[in-house]
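Welcome! Have a look at the sequence and the structure, then try each task before reading on.

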Amino acid sequence: MKAQGKPSIELYMYSLNQEFPVKTGHATYLKRYSELKPGSRGEVSLNAAVESQVFQVNGPGIELPLGLPADWSVQWLENQWIENHTKAAGMGIREDFDPLRSILVREEDFGGVVFEPNSDRVYKVNHAGLKLISQMQEQARAGRPVGDMRFDGHDDDDVASFVGAMKAAGLLGA
Amino acid sequence: MTRDAVLRAPFTVCMWVTDYCNLDCAYCYAKPFSGRRMASDRALELVRELGAMGVFDITLAGGEPMLHPDIVEMIRIAVAGGMRVGLLSNGVAMPQARIDALERVTTKQNFIIQISIDSTDAAINDPVRGKTHRVVDTLERLRKSALDVQLATVVHKANVRSAHRVIEQYYPDIKRFHFLNVQRTASALQHPELLLDEAEALDFWLTLNDYAKGFPDDLFLPSLRVQLRALGQANTDPEASLHAQASFDCGVCSAGWTHVNITADFDVLGCDIAREHSLMGNVAHESFGTVWRSAEADAVRSQPFPGCYKIAGPDGARLQDHLKPEFVQHAPAHEPVHVTPALVMG
């Protein structure tokens, strides 16, 4: 019986610090919705404007010194805004990396989310995918090889595809 | 504008457990302080709630979080609830008994402590941050402990030529080093002698990049890659292509979607920058879940443009004022709400 549906997994956030959807950010947003004009290279010359709002520097006697770099309170990365990491330290690289033991899984209305702390990434799974990952975690916690598992109710090809996606994402050892 | 469904809980929560500090850093972004701290009973209960809701990661900050009398108990409850904890400290108030206690209640898998210092040379660090010898003493004890430590260094005019060399002083006992450029906070602008120009900053990051090549691969520099990209020194490693695949779609910005901040007065803020424009509620007397699902929280998530566009700059201008009129007219209006006024202790 193939009653569980096709499991799926996708990258949800490339970092817990991701602030905007991919390919958006202040520059894209303001080009689309504001009357501010892009510079000669097509960029929106707004760094100072954004920064002036990041920190309220409108105190008495404060003048922005000339010749300072544009904006370091926000970090532009391929038109995406990365939060200051000191405010969200994350957990980073671990020497004793065991993906199935280190990932954190949470149920959501659409299925579940999987946080992989070594890469700081978040994945989204559907209900069938959540069930498979939960079973794999149980297997790993019991010290049994995941490769020996049987997933009743799923199409073998669907499971193989899902397992392959997990390996590619680093959520499952090779 | 499309957006994802609201999650059952945020992924990360930053709790500002104290709103006071035992240092007076020249560039501090948290000042002015109210002198208030989170009430212990409610703070401990709140940490339990967050764990039960499935929050992945909790950051304990301030002010100086080690000045909260129940900080270790908060950490113990957080890791017992399955969360990973980051503690952001200046390292001044770190008696050995506290380090021993942290070793007992945490592991390298669920806890990391970040200590801030700009140089171990008091001649450099004291005028900017202060109490260098106490922080160095803390680092000497932490490097021998079982705790996972990250060192955070702000790069400014006084240390720009030598900041990277802190790595050789502590590696391999400490393997994580976070550098960041001095930010133009209201405090920092009162100290223009610390601010860097573009060329000085770029030179630092390129120097750090070269210097880091002399260390094994386990040296972890969380901000280097981001900075090199931001400065146009692209580092095109394979994972960069993954950025194009992330499906996260919150509409405008992630304020109130995946992470929140909780102040010492238990205000829940969707954004730590646009604070007064992202108040989702207060959890002093309500559960976090109630606030997370409230109409106020959804109003923050539904803002038509980032809340920081409402903040006036030095000349009084706001980015909001530059949005196309037809867009602003169609955007639902959300008047700023006022964050709970803090009360001064004592």
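Among the elements that cover the buried residues of α4(A) are β1 (9-13), α3 (99-102), β4 (104-108), β5 (111-116), β6 (121-125) and α5 (156-168) of chain A. Keep in mind throughout that this is a predicted model.

**Exercise 1. Which residues of α4(A) are buried, and how far apart are the helix's end C-alpha atoms?**

Step 1. Find the helix: α4 of chain A covers residues 127-141, which is 15 residues.

Step 2. List the buried residues: A:Ala128, A:Gly129, A:Leu130, A:Leu132, A:Ile133 and A:Met136. A helix has 3.6 residues a turn, so residues three or four places apart point the same way.

Step 3. α4(A) is followed by A:Gly143, which has a positive phi near 80 degrees.

**Exercise 2. How many helices and strands does chain A have, and how many does chain B have?**

Step 1. Chain A has five helices and six strands. Along the sequence they come in the pattern β-α-α-β-β-α-β-β-β-α-α.

Step 2. Chain B has eleven helices and nine strands.

Step 3. In chain A, 38% of the 174 residues count as buried; in chain B, 47% of the 346 residues do.

Step 4. Turn to contacts between residues at least 6 apart in sequence. In chain A, 58% of these join residues at least 24 apart, and in chain B the share is 73%.

**Exercise 3. At what angle do the axes of α2(B) and α3(B) cross, and which residues meet there?**

Step 1. Two packed helices are described by the angle and the distance between their axes.

Step 2. Take the values. The axes of α2 (residues 71-80) and α3 (residues 96-105) of chain B come within 10 Å and cross at roughly 10 degrees. That makes α2(B) roughly parallel to α3(B), because angles under 35 degrees count as roughly parallel.

Step 3. Name the residues. From α2(B) come B:Val72, B:Ile75, B:Arg76 and B:Val79, and they meet B:Arg98, B:Ala101, B:Leu102 and B:Val105 in α3(B).

Step 4. Sort them by type: six are nonpolar, none is polar and two are charged.

**Exercise 4. Which residues touch the most other members of the largest nonpolar core?**

Step 1. Nonpolar side chains tend to be buried together in soluble globular proteins.

Step 2. Here the largest nonpolar core holds 119 residues, and B:Leu60 and B:Ile75 touch the most other members. The element that gives the most to this core is α2(B), with six residues.

Step 3. Leaving aside residues up to four places away in sequence, B:Ile75 touches B:Leu60, B:Val85, B:Leu87, B:Leu102, B:Val105, B:Thr106 and B:Phe111.

**Exercise 5. Where do B:Lys131 and B:Phe266 lie, and are they buried or exposed?**

Step 1. Most residues other than glycine have a negative phi, and most peptide bonds are trans.

Step 2. B:Lys131 is not a glycine, yet its phi is positive, about 55 degrees. B:Lys131 sits in the loop between α4 (122-128) and α5 (132-143) of chain B. With 20 other C-beta atoms within 10 Å, B:Lys131 is buried.

Step 3. B:Phe266 also has a positive phi, near 70 degrees. Its place is the loop between β7 (259-262) and β8 of chain B. B:Phe266 has 21 other C-beta atoms within 10 Å and is buried.

Step 4. Now check the peptide bonds. The bond from B:Gly62 to B:Gly63 is cis, with omega near 10 degrees, and B:Gly63 lies in the loop between β2 (57-61) and α2 of chain B. The bond from B:Tyr171 to B:Pro172 is cis as well, with omega near 5 degrees; B:Pro172 is in the loop between α6 (166-170) and β6 (176-181) of chain B.

**Exercise 6. How far apart are the C-alpha atoms of B:Glu276 and B:Lys310?**

Step 1. Locate B:Glu276 in the loop between β8 (267-269) and β9 (279-282) of chain B.

Step 2. B:Glu276 is partly exposed, with 15 other C-beta atoms within 10 Å.

Step 3. B:Glu276 and B:Lys310 are 34 residues apart along the chain, and their C-alpha atoms are separated by 9.6 Å.

Terms used: Residues are numbered from 1 along each chain as its sequence is written. Chains are lettered from A and ligands numbered from 1 in the order in which they are written. Helices (H or I, at least four residues) and strands (E, at least two) are DSSP runs, numbered from the N terminus. The expected span of a helix is 1.5 Å times one less than its number of residues. A residue is buried if 20 or more other C-beta atoms lie within 10 Å of its own, exposed if 12 or fewer, and partly exposed in between; C-beta atoms are placed from the backbone. Two residues are in contact if their C-beta atoms, placed from the backbone, lie within 7 Å. Axes are lines fitted to C-alpha atoms, for helices over the stretch in contact, and angles run from 0 to 180 degrees between N-to-C directions. Angles under 35 degrees count as roughly parallel, over 145 as roughly antiparallel, 65 to 115 as roughly perpendicular and the rest as oblique. Ala, Val, Leu, Ile, Met, Phe, Trp, Tyr, Cys and Pro count as nonpolar, Asp, Glu, Lys and Arg as charged, and the others, Gly among them, as polar. A nonpolar core is a set of buried Ala, Val, Leu, Ile, Met, Phe, Trp, Tyr and Cys residues joined through C-beta atoms within 7 Å.
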